[in-house]
Amino acid sequence: WELVSGGGLRMPALGGYTPIEHGDQPDVPGRPAVIGLPGHTRGSIGFFLPDRGACFSGDALVTLNLLTGHRGPQLLGRAFMEDSRQALASLDQLAGLQAGTLLPGHGDPWHGSMSDAVARAREAGPS
């Protein structure tokens, strides 16, 4: 209900933008590395800031299940995924990052190794 009442089904189209891809490093503060994380959507990406030891995972790896309220590193529910198998495969891109802080699209920040967060998400599997 919150999605509908908040206008989530009537989102305006984006105007001008600059496409970015896995491996790019846009000229923005912090110079984050772009990580391709398809699964939630085909173009899902995350951002890694190696000098900060932080990874913004967007909806590729979250710490709150929007349907069940379960907390901890996990994938979004299948209802929110274009391709759950691809989402699981995309976790490989995150597992080796030298980051101690995960900043997900949904849920609280995760403090710990990315490999541990990915292992927990794989264990939970798609919901």
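## Ground rules

Two residues are in contact when heavy atoms of theirs lie within 4.5 Å of each other. Helices (H or I, at least four residues) and strands (E, at least two) are DSSP runs, and they are numbered from the N terminus.

What you're looking at is a predicted model, where local features need pLDDT of at least 70 and side-chain atom pairs count only at pLDDT 80 or more, while totals for chains, interfaces and linings use all residues. Residues are numbered from 1 along each chain as its sequence is written, and side-chain values use heavy atoms, with hydrogens and water left out.

## Helix 2 and its two sides

Let's start with helix 2, which covers residues 84–95. What covers the buried residues of this helix? The cover includes strand 1 (33–36), strand 3 (54–58) and helix 3 (114–124). "Buried" here means under 20% relative accessible area, "exposed" means over 50%, and "partly exposed" is in between (1.4 Å probe, protein chains only).

The buried residues of helix 2 are S84, A87, S90, L91 and L94. They cover an arc of only 125° around the axis, so they sit on the same side of helix 2. That arc is taken from the directions that run from the helix axis to the C-beta atoms. On the other side of helix 2 you'll find R85 and D92, which are exposed. A89 also lies in helix 2, and it counts as partly exposed because its relative accessibility is 37%.

How about the length of helix 2? With 12 residues at 1.5 Å a residue, it should span 16 Å, and its end C-alpha atoms are 17 Å apart, which agrees. (The expected span is 1.5 Å times one less than the number of residues.)

## Salt bridges

A salt bridge is a side-chain nitrogen of Lys or Arg within 4 Å of a carboxyl oxygen of Asp or Glu. How many salt bridges does a search of the whole structure find? It finds 6.

One of them joins the side chains of R42 and E82, at 3.5 Å from N to O. R42 is in the loop between strand 1 and strand 2 (45–49), and E82 is in the loop between strand 5 and helix 2, so this pair ties together parts that are 40 residues apart in sequence. R42 is exposed, with a relative accessible area of 72%, whereas E82 is partly exposed, at 47%. R42 also lies 13 Å from A89, C-alpha to C-alpha, although the two are 47 residues apart in sequence.

D92 is exposed, with a relative accessible area of 53%, and R122 is partly exposed, at 35%.

There's also a salt bridge between the side chains of R71 and D108 (4.0 Å, N to O). R71 is in strand 5 and D108 is in the loop between strand 6 (101–104) and strand 7, 37 residues apart. At 52% relative accessibility, R71 counts as exposed.

## A nonpolar patch

Now for the surface. L66, L67 and F80 form a nonpolar patch there, with about 280 Å² of accessible area together. Patches are made of residues with over 30% relative accessible area and no salt bridge; like charges are joined within 9 Å, and nonpolar side chains (Val, Leu, Ile, Met, Phe, Trp, Tyr) within 5 Å. The areas come from the Shrake-Rupley method with a 1.4 Å probe, and for residues, only the protein chains shown count as cover.

F80 lies in the loop between strand 5 (71–74) and helix 2. Because its relative accessibility is 33%, F80 counts as partly exposed.

## Loop residues worth a look

S44 is in the loop between strand 1 and strand 2. Is S44 buried or exposed? With a relative accessible area of 11%, S44 is buried. Leaving aside neighbours within four places in sequence, S44 is in contact with I35, G36, L37 and P38.

G112 is in the loop between strand 7 (110–111) and helix 3, and at 24% relative accessibility it counts as partly exposed. Not counting residues up to four places away in sequence, G112 touches A99, G100 and T101.

Finally, R31 is in the loop between helix 1 (2–5) and strand 1. R31 has a positive phi of about 45° although it isn't a glycine. Most residues other than glycine have a negative phi.
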